[in-house]
Amino acid sequence: MEIRQLRYFVGVVEAGSFTKGAALLHVAQSALSLHVRQLEEGFGTQLLIRDRTGVSVTASGAKLLERARAILREIRLTEVELTNTAASPAGEVTIGIPSGAARVLSGPLLESVRNELPKVSLKMVEGMTGPLEEWMAAGRFNLAVLYRTAESVGRMTVLARENLCLVVPSGEPPLEDAISLADLHAFPLAVPMRNNNVRRSVADVVAQHGCALDVKFEVDSLSTIINMVIEGKAHSILAPSAVQKEASQGLVRTVKIVDPVITRSVVLAVNPKDERSAAVSAVRKLIPKVARELIESRGWAASIPDAT
């Protein structure tokens with residue numbers, strides 16, 4: 001059995017006759033008949049029923065058709081992967097991205113991939129950081145944007161650094177531009193669940209300085225937390241990027257947290273098994289460029305990692 005014979009067999013079945021199959025495959029009809037007959041002799045069973053109206057498959061032919069289509073599909077995928085060079089990357093890339101970062105990064109990233117990597121299909125999964133961390137560890141993403149403290153970045157690419165802030169309902173205290181960490185206890189908070197990286201970062205700093213927080217609500221939904229602040233039901237501790245739109249509309253205010261500042265790194269992680277993929281590598285190189293352009297244009301309220 002040869003791959004060519006499988007292609008011819010599938011082509012004849014899909015065309016409905018040897019005559020139409022020969023025209024579609026650009027092969028002589030006699031050659032098609034010969035190859036199908038060789039398949040039947042090799043398997044020792046009839047695969048096609050031939051009559052004046054065309055061809056139909058036998059029970060054995062139907063089984064071979066299903067397997068042949070799967071085999072040919074795998075061959076096509078393999079050809080794409082092996083010919084997918086860095087000069088013209090193609091294929092599907094899946095990236096996980098936290099809801100906060102997605103609010104500033106997802107649109108520009110999708111546009112850049114469409115313009116600069118037209119053969120790459122980018123699938124973006126947005127969520128809270130806890131589940132994203134678990135899914136990335138389970139190998140569900142090729143790439144993931146994650147949050148880390150400065151000390152736990154490791155070998156990951158740092159895209160940006162953000163200072164967390166107190167998010168305040170419009171017109172409510174504190175009315176100053178900055179608040180010390182020790183004074184946060186006076187404000188009822190709606191914050192992400194305990195497995196969230198932002199929550200852990202804040203908790204670590206608070207514990208180190210012997211402070212306390214008044215956590216009234218634990219909510220694993222960024223949009224719900226923001227709505228609670230807008231409605232005056234709570235304050236929150238988030239990155240400015242998470243509420244950039246609402247702050248610009250005057251729906252909420254951001255107050256800097258000082259003494260000390262709580263800083264986190266936004267990093268890019270890659271699934272080790274995908275490091276050699278041309279499509280993944282191309283998107284991996286594009287993301288820091290998009291992040292830098294956003295920060296420099298003030299589309300992202302963050303700092304560039306190597307800025308002094």
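Reader: Which residue forms a salt bridge with K289, and how far apart are the closest N and O atoms?

Author: This is a predicted model, so any distance here is a computed value. In general, a salt bridge is read from a side-chain nitrogen of Lys or Arg within 4 Å of a carboxyl oxygen of Asp or Glu. Here K289 is joined to E116, with the closest N and O atoms 3.2 Å apart. K289 belongs to helix α10 and E116 to helix α5, so the pair links distant parts of the chain, 173 residues apart.

Reader: What is the burial state of the pair R264 and E162?

Author: Both residues are buried. Their salt bridge has its closest N and O atoms 2.8 Å apart. R264 lies in strand β13 and E162 in strand β6, so the bridge ties together parts that are 102 residues apart in sequence.

Reader: How do I read the D214 and K216 pair, and what is its N to O distance?

Author: Apply the cut-off of 4 Å again. The side chains of D214 and K216 meet at 3.8 Å, N to O, in a salt bridge. D214 has a relative accessible area of 25% and is therefore partly exposed, whereas K216, at 52%, counts as exposed. The structure holds 11 salt bridges, these pairs among them.

Reader: Which elements do the buried residues of α10 pack against?

Author: Start with the residues themselves: the buried ones include A278, V283, L286, I287, V290 and L294. The buried residues of α10 pack against helix α5 and against strands β3, β4, β5, β6 and β13.

Reader: Last feature. How many bridges join β1 to β2, and how do the strands run?

Author: Read the direction and the pairing together. Strands β1 (residues 48-51) and β2 (residues 54-57) run antiparallel and are joined by 4 bridges. They form a hairpin with 2 residues between them.

How values were computed
Residues numbered from 1 in each chain as written. Predicted model: local features only at pLDDT ≥ 70, side-chain atom pairs only at ≥ 80, totals over all residues. Heavy atoms only, no water. Pairing = 2+ DSSP bridges. Buried < 20%, exposed > 50% of the residue type's maximum accessible area, 1.4 Å probe, protein only. Contact = heavy atoms within 4.5 Å.
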